[in-house]
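Here is a short briefing on one protein model. Look at the sequence and the structure first, then read the points below.

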Amino acid sequence: MTAPNRNTLWARAMVDELVAMGVDSVVVSPGSRSTPLTVAAARHEDLHLFSQLDERSAAYFALGRARRTGRVTPLICTSGTAAANYHPAVMEADNARVPLLALTADRPPELRDSGANQTADQEKLYGDAVRLYKDLSEPAATDRALRSLRTTVDRAVATAESANAGPVHLNVPFAKPLEPTPVEGDVPDDLETTAATGREGPYVDVMPGSPEPEETALRALAEACSADRGLIVAGPADPPGLDPEAVTALSHATGYPILADPLSGLRFGGHTRVAPVVGNYDAYLSAAVAGDGGADDELPVADGWTDPEVVIRLGASPTSKRLRKYLAGTGADQYAVDPAGRWREAEFAATDLVVAEPNRLCARLSRLVAGSGDPAWREQWEAADRAASEFHRGEVDDDGADLEGPGGFHEGDVLRVVAEEAPDPSTLFVSNSMPVRDLDRFVPPSTTNLTVLGNRGVSGIDGIVSSALGAGSATTDDLTLVVGDLALYHDTNGLLAIDRCDVDVTVVLLNNDGGGIFHALPIESFDPPFTSEFKTPHGLEFEPMADLHGLEYVRIDARPGSGGESGDGPGSGDGSGSETADPTDALAAAYRRARDADGSHLIEVRTDAESSHRTRERLAAAVERAVHGDGTE
């Protein structure tokens, strides 16, 4: 293996080893110190480069792609603050167990702590958030150094994609020359060893294994699942996701309903035709319900409520706080299944931690469970879900109560319309704060092949646009992003990936002019400082942003006292709109037009946060009365 200099040799070996480990794409941001890695990646014929100008957006793009595929998409950046901009995505990857590999270029060691330009302390920059950190040695054209390098790269990829998946950081120092400039004597002419050229496949082939409980423990768990009343609770799934077939098999064997978080991968898909998947639980569960039902499990839903005896918990902690509080109050035996043996149950009500790969565990348990549950127990949950869906769709009303907003429209209707109108198959990325909560409460299970993703590791609103576009880059499915105005503002830079990375997206923007989620918190009663310091209205217009990035634009005004739609292209529409009786119909029509057209689109839905929140409260009260009667007895 010949190379003009040792930096080029080093970078080629790293990139070759990444490809040997199955990496097919990298995300690169421009910079000088990372030149050897960027050139090596750009010249590798088996590697696709995504170019991102902003390192924070780049990191979230790689995160979104890895969340969709379950495989790492490495990041390459220059030294200094560029590496620091990866940190928010590293934190998300850590908590959400998304494989991420940061390759940060650095100045040579002798320049550290010297005042040299663009030199910062990059040693363990991300602290304990990474699964593995290594400060690589300076490039050297020797067998042992190259063997060490290739081994480290293989370990890094394998660690990032392990059962305890997450971020890995390799800090890569380079001295000049950074370009592939010939340096006489830098690389020996006879350096043709395996260390230099690589092996067939990875230099070190890492063979992953899946943790499983011992046979005795497995049979004890199967015995626990013979109880008549049980639940399978599936929270947000770790990449690459839960297997619907395995979880459905366990549900059939036990007779237990599946309470499926919208990010679990189980709420949507063909398996819902045959599996008792429940999705509206956030509307009728609370800590007040738990323990208050009668002991007779034959009681119909309208006359009482019974709690589970056993709960099998898969994935991360559920999005629904009401569900989490309910489970903690039931006193049921809760088996938290985690392949990494880590604790992800913040109510501290789980009774057992099962260290096992969840899909394999469900498949094995389904063959061992003796009972098939109580049909009345399953009907309790299915009837409750039907009642909630009827209220949410407006098929029944709350005893004639006046729901604010045109036609009773609220922000949850946006998520419901998108889920109903989304192509099959498609990918839906949902922002934090209210959009993911509204998806959880107002969108029931369906047979649509809908892959729903979100950043629930640390639940930030930064990087949402980039994460969505990264996910879209990994599939040919249609991509829809539902995002709030603050989250879109936070990551406007991410929209550059539409053109630079060739990703089409339909963005549905919920614009309630500020932090609408704060209406759900006690601080709402204290104004000031509520409006100025928490809700923080901004008055931004998003049509010029759509024009800047070439998105077809339409606006729907769903605020109380107004109704209208304007704009069907960049710069079109004066905001006056045409009178629209029902914003739900207007949104459905606009989304269908965007879905069926080429290119990217921005559908802005202007809402009133307070009105929507009051409607959520009234709907919640109405659903609880329908399911539990007056009170929770």
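This is a predicted model: local features need pLDDT of at least 70, side-chain atom pairs count only at pLDDT 80 or more; totals for chains, interfaces and linings use all residues.

Residues are numbered from 1 along each chain as its sequence is written, and side-chain values use heavy atoms, leaving out hydrogens and water.

**Nonpolar cores**

- The largest nonpolar core holds 51 residues. A nonpolar core is a set of buried Ala, Val, Leu, Ile, Met, Phe, Trp, Tyr and Cys residues joined through side-chain atoms within 4.5 Å. Buried means under 20% relative accessible area, exposed over 50%, and partly exposed in between (1.4 Å probe, protein chains only).
- Helix H3 (residues 55–69) gives this core its largest share, seven residues. Helices (H or I, at least four residues) and strands (E, at least two) are DSSP runs, numbered from the N terminus.
- Among the residues with the most contacts inside this core are Leu 75, Tyr 86 and Leu 602.
- Leaving aside neighbours within four places in sequence, Tyr 86 is in contact (heavy atoms within 4.5 Å) with residues including Glu 55, Ala 59, Leu 75 and Tyr 126.
- A second, separate core has 43 residues, including Leu 9, Val 28, Leu 37 and Leu 149.

**Helices H1 and H6**

- H1 and helix H6 (residues 143–160) pack at about 35°, and their axes lie 9 Å apart. Axes are lines fitted to C-alpha atoms, for helices over the stretch in contact, and angles run from 0 to 180 degrees between N-to-C directions.
- Residues of H1 that meet H6 include Leu 9, Trp 10 and Ala 13. On the H6 side, Leu 149 and Val 153 are among those taking part.
- By class, this contact has ten nonpolar, no polar and four charged residues. Ala, Val, Leu, Ile, Met, Phe, Trp, Tyr, Cys and Pro count as nonpolar, Asp, Glu, Lys and Arg as charged, and the others, Gly among them, as polar.
- Ala 13 lies in H1 (residues 6–20). Ala 13 counts as buried because its relative accessibility is 0%.

**Asp 238**

- Asp 238 sits in the loop between strand S7 (230–234) and helix H9 (244–254).
- Asp 238 is buried, at 18% relative accessible area.
- Not counting residues up to four places away in sequence, Asp 238 touches Ala 96, Arg 97 and Arg 344.
- The side chain of Asp 238 makes a polar contact with the side chain of Arg 344 at 2.9 Å, and another with that of Arg 97 at 3.5 Å. A polar contact is a pair of N or O atoms within 3.5 Å; within protein, one must be able to donate a hydrogen and the other to accept it, and residues adjacent in sequence count only if both atoms are side-chain atoms.
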